[in-house]
Amino acid sequence: MITFNNVTKTFEDGTKAVDNVSFTVNEGNLVTLIGPSGCGKTTTMKMINKLISITSGKITINGNDIAHEDDVELRRNIGYVIQRIGLLPHMTIEDNVALVPKLKGWKKSEYLKKVDDLLDMVGLEPNIYKKRYPLELSGGQQQRIGVIRALAGEPPIILMDEPFSALDPISREQLQDELKLLQKNIHKTIVFVTHDMDEALKIADEIVVMKEGGIEQIATPSQLLQHPANNFVESFIGEDRAKRAIVSGETRKANAIMQQLPSTLETSNMHVVTQDTAIQEVARVMLLKNTDTIIVTNSTGAPTGLIEKNQLLQELAGIKEEVQ
Amino acid sequence: MEAFQVFLDTILTRQDLILKSTLEHLYLSFLAILIAVGISLPLGIYISKKRKVAEFYIGITAVLQTIPSLALFGFLVPVLGIGAVTALVALIIYALLPILRNTYTGITGVDEGIIEAGEGMGMTKRQILWKIQLPLSLPFMMAGIRTATVLTVGVATLATFVGAGGLGDVIWRGLQSWNNSLVLAGAIPVALMALLFDYILKLVEKKVTPKGINL
Ligand SMILES: Nc1ncnc2c1ncn2[C@@H]1O[C@H](COP(=O)(O)OP(=O)(O)OP(=O)(O)O)[C@@H](O)[C@H]1O
Ligand SMILES: [Mg+2]
């Protein structure tokens, strides 16, 4: 668990890059820091492994103030994927990936196996790539190496600074999936910096939205979509509200969107769905029954509301507000 | 053709002098470079960590280098007297700048991102120096040493004026006696020596350039 307590960073030249920030990354969670360029994401991240010193405030990892930890020891247990990749050009891919395990004194057979496993994981055939030098790889391949290098020492915490920015959309999606799986399976605590809201929504357990060194909102992806804290967050989520529907739609039930039942309405021969039916399912029923209005019932079967076809379409498309 | 015959005769008759002077020349140049490397490499590494004072040190060596070489030998005589030591000191002063500057630019030129990655992975300062900065700046250092060597071999011809011998002796005797063949018999070995060192050091430079950085 990583905790920021009123952390501020002012650089020597007076730039206040991070301003009184507090948040917690729970163990096994993936938290993304997101915000426009220059808002302090990288600075926030680098304070965790002490590459940047804190001006005031406190950061703790599992309750221990990092100010009291030895820099080198701390860093060997925190994987770090640097924004500029930073592979060592004079070392082979194998040596790059094995760097932290070697620093930690692993046996040769252990780290060699680790290198192979990790290369396999990111779809780079070990026998082809491990003896190559970084400059013999494409930008995207280098970025994958940057990612697995941070995993090699099996650190419980991983910091990733825009790790997938140089990848094509397909490999990017693929690595996002891998990362999510990895985090779920081996319970890594990950702090992930990104510019890309889609990426954040896809992989994050929690999203920290930053602006000018401060935090605008901390929320789960669906909370963020449904209840943006202010205009800034809203605009950062983007005009593309379809995104909203994709995530929020999954969790939304018929009773969340139903209208009040007019007391005069005769419901006995109308089609019904129960109140905790997902709205996608409601749409399916409507299409199958070829009806424009459907009745929502509660757990005892009593009618409690209705949904109309147009309204449902708007909900599914995520354009409710504009139409009203 | 006749001039060439005279030249060959000169070499034959003066071969003892030429050989002795060549060895002296080699010895002076080699020792001067060795000591200059011994000073500038550590100093270059040191100042690369103190960028504020670096310009100062490099400035000093740059100023020293602007002193005309003959004048520098002249300045040193009243202080150190005549002899090999004076010649060595002058040569070392000349060789310092290229090595110091190249070491400094080599080390400070290593991409920040690479250093940061090293730090971030938990390498110590020493590990970063030995495993990242030095290997990556080695080609620069070698290039500096190469420049310094060629320079030193040339300037060492002036050692004769402080009584330190070298091929300058041969050239100077030739000039005094209007003997062009003798001048050449001194000058050509200097040129060959410079070319040879340059060539060898170029090979070394290639050899020490880490695989992977010039693909
Ligand atoms: N060493 C430094 N000295 C002075 N100011 C700095 C330094 N490093 C960063 N800054 C400033 O601090 C602010 C935050 O920088 P930071 O690198 O954290 O931004 P970021 O959110 O990661 O941006 P990006 O998305 O472009 O990577 C910026 O205004 C930047 O110019
Ligand atoms: Mg950044």
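## Polar contacts of ligand 1

In this predicted model, an oxygen atom of ligand 1 lies 2.5 Å from a polar side-chain atom of A:Thr43. The protein covers 65% of the 630 Å² of accessible area that ligand 1 has on its own.

Two further side chains of chain A approach ligand 1 through N or O atoms. For A:His195, the separation between such a side-chain atom and an oxygen atom of ligand 1 is 3.1 Å. For A:Glu162, the corresponding distance to an oxygen atom of ligand 1 is 3.5 Å.

## The shell around ligand 1

There are 14 residues around ligand 1, and those that come nearest are A:Ser37, A:Gly38, A:Lys41, A:Thr42 and A:Thr43. By residue class, the shell comprises eight polar, three charged and three nonpolar residues.

Helix H1 of chain A, spanning residues 41-48, provides the largest share of this shell, with three residues.

## The largest pocket

The largest pocket holds about 370 Å³ of space. Its lining consists of B:Ser48, B:Lys49, B:Arg51, B:Ile107, B:Thr108, B:Val110, B:Glu112, B:Ile115, B:Glu119, B:Lys125, B:Ile128 and B:Gln133.

Four helices of chain B each contribute at least two lining residues to the largest pocket: H2 (15-49), H5 (84-108), H6 (112-120) and H7 (125-155).

Methods
Residues are numbered from 1 along each chain as its sequence is written. Chains are lettered from A and ligands numbered from 1 in the order in which they are written. This is a predicted model: local features need pLDDT of at least 70, side-chain atom pairs count only at pLDDT 80 or more; totals for chains, interfaces and linings use all residues. Side-chain values use heavy atoms; hydrogens and water are left out. A residue is near a molecule or strand if one of its heavy atoms lies within 4 Å of it. A polar contact is a pair of N or O atoms within 3.5 Å; within protein, one must be able to donate a hydrogen and the other to accept it, and residues adjacent in sequence count only if both atoms are side-chain atoms. Accessible areas come from the Shrake-Rupley method with a 1.4 Å probe; for residues, only the protein chains shown count as cover. Ala, Val, Leu, Ile, Met, Phe, Trp, Tyr, Cys and Pro count as nonpolar, Asp, Glu, Lys and Arg as charged, and the others, Gly among them, as polar. On a 1 Å grid over the protein atoms alone, a cavity is a set of points where a 1.4 Å probe fits but cannot get out, and a pocket is an open set with protein on both sides within 12 Å along at least five of seven lines; lining residues have an atom within 4 Å of a point. Grid points are joined across faces, edges and corners, and a volume is the space filled by probe spheres set on the points.
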